[in-house]
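Reader: Hi! I'm new to this one, could you walk me through a few parts of it?
Author: Happy to, let's bring it up.

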Amino acid sequence: MIKGIGASVGIAIGKAIVLPNWEWNVPDKLVDVADLAYEFEKLYEGIQISKVELETIKEDISELIGEEESNIFNAHLAILEDPVFMNEVQAIMQRQYKAAEVAVKETIDKFVGMFDLLDDEYMKERAADIRDVGNRLLKHLLGGFQDTLPDQDDPYVLVAKELTPSQWTHLDPSKILGIVTIMGGMNSHAAIMARAIGIPFVLGLDGKLKRPIQTGDLIILDGEEGTVFVNPDEETIAHYRERKEIIQKHMERLEQLIDVQAITQDGKPIELKANISSVKELEQALKTGARGVGLFRTEFLYMDRNSLPPEEEQFEVYRQVAEMLHGEPLVIRTLDAGGDKNIHYIDLPQEVNPFLGYRAIRISLDRQELFKTQLRAILRASHYGHVKIMYPFISSVKEFKDANQLLEEVKKELREEGQPFDEQIEVGIMIEVPAAALTADLLAKEADFFSIGTNDLVQYLLAVDRMNEHIAHLYDPYHPAVLRLLRQTIEAAQQQGIPVSVCGEMAGDPKVLPIWLALGIEELSMSVKTLLPLKERLLQSSIEQSGRVFEQIMQCTDSDQIRNILDQCYNGKERYGPITN
Ligand code: PEP
Ligand code: MG
């Protein structure tokens, strides 16, 4: 068994096909001065063909994975137009009399080497982009090699050193049972694409294989555990076949719940909404029966590009999402850049503690033009559906009022221009900083609604970086401090009579559900994949029983006890009696 990183859940069992490296061998080649003009012509033609190819790919793939995700290819197009990259190529040709392909290869190696040296996931992704688009250009300069896999009738497990977006476009996803790559990260484009389509994916096997995987090897991969088996024994195969079947059956059972109303056994309806970051995710959310979007993470519109998304482009996306929801609510969170969400062209400062630094609403209040452009786009989209605005990372009443003042300025502009928008648009606050939670009584007087971002709230309350694997065991949503702060926040909202929902990962964790039910939460927003498992649990729950569980866990001094009680409660193992359907 080899342990990698699970990047997209699911089990795959099948024969491996190893994708050849898309790396061309480019021997050093000098040219005569007289031939330089021809080399330049070859270069420009190669660039032109690559651009046309990328445009076509972008269009084709956007149908498959959605428009925003396919913006990856905009980043590739931008590299082909990047003056720094191209000047370097031309300088090598002109000064050293090297053939176009040699100059391109040397430039790729130089830039990739530079970016790879930086200890930054985002920059490493950019290095992969340069390598990918550079190899595409090289393919044309060297005479257009075949870069597809031979036609496969049988589905297979794809194995690659690294899977680039360009390689991905040459594959037929319906034939791919699962993917294993040696390199790559959770946030690589390949991982994002695999999750969007629902293909199990394990990556990060570098240095862990005793021998390279070969085409024809039998592979088992478990995208949840992040494990891979190469030519496993019969017993392992039987075990995973069975597991796959159980998961499949459970999925089928869950699918029957799509149209079932989300209601507790004692009759309390709970709104289950989706967290999305793209149109593609919304499509999946709607298929899964989500009743609206409780969190639209807009920062992904700002990523994988080289400049800010213009108002019109943002408006089109927000409007499309609002319309697709047919009147169900859509909570659009304004830009939450900074922390781990780096947007390279925004020029974020190098910070010792980025999570405590220049991020989210702090950037928006500082870069007012950026913020106002987004607010204009959201307000204009509000004419087409039930749109609400939510500010991330608010830590004081003043910050909320400052943001609202800019919102008012934008509303005034739109009125003067005669642009329609929802005059009654609700404006809410994400409660994810302890200062906001502790002043929830004050904020509730100003805001139309709260949504609790437990991912950040837990890290700031417990002083545990949510990205740091060395202290991952201390990141503890069941900590008594977390439960107390949640109770206080929710009660403050209730006393003021404003709706409060939860949109951090805790919202979709079935084990936590009794806590929400006991505290009177009526709306939970979660990642799409947890919607149905949570609904299944909700249908087995009651407010009354949850209240008793909550009273008990509030007496506990540590989170292990709390976890135990919650486990027992849902195992149907006695303590509170079996939970029936
Ligand atoms: C949160 O902090 O709980 C949240 C939902 O926001 P994000 O995960 O995008 O920081
Ligand atoms: Mg957050």
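Reader: Which protein donors does the magnesium ion (ligand 2) have?
Author: In this predicted model, they are E432, through OE, and D456, through OD, lying 2.1 Å from the ion.

Reader: And where in the chain do E432 and D456 sit?
Author: E432 is in the loop between β13 (427–431) and α14 (434–438), while D456 belongs to helix α16 (residues 454–462). They are 24 residues apart, so the pair links distant parts of the chain.

Reader: Are E432 and D456 buried or exposed?
Author: Both E432 and D456 are buried.

Reader: Thanks! New topic: how many residues of strand β11 are buried?
Author: 5 of the 5, across residues 329–333, so the strand is largely enclosed by the rest of the structure.

Reader: Which way do the residues of β11 point?
Author: P329, V331 and R333 point one way, L330 and I332 the other, and all are buried.

Reader: Nice. What about β11 and strand β10, in which sense do they pair?
Author: Strand β10 (residues 293–297) pairs with β11 in the parallel sense, over 3 bridges. One detail to look for is V293, whose bridge partner in β11 is L330.

How values were computed. Residues numbered from 1 in each chain as written. Chains lettered and ligands numbered in written order. Predicted model: local features only at pLDDT ≥ 70, side-chain atom pairs only at ≥ 80, totals over all residues. Heavy atoms only, no water. Buried < 20%, exposed > 50% of the residue type's maximum accessible area, 1.4 Å probe, protein only. Helix = DSSP H or I, 4+ residues; strand = E, 2+ residues; numbered from the N terminus. Pairing = 2+ DSSP bridges. Donors = N, O, S within 2.8 Å, 3.2 Å for Na, K, Ca; no water.
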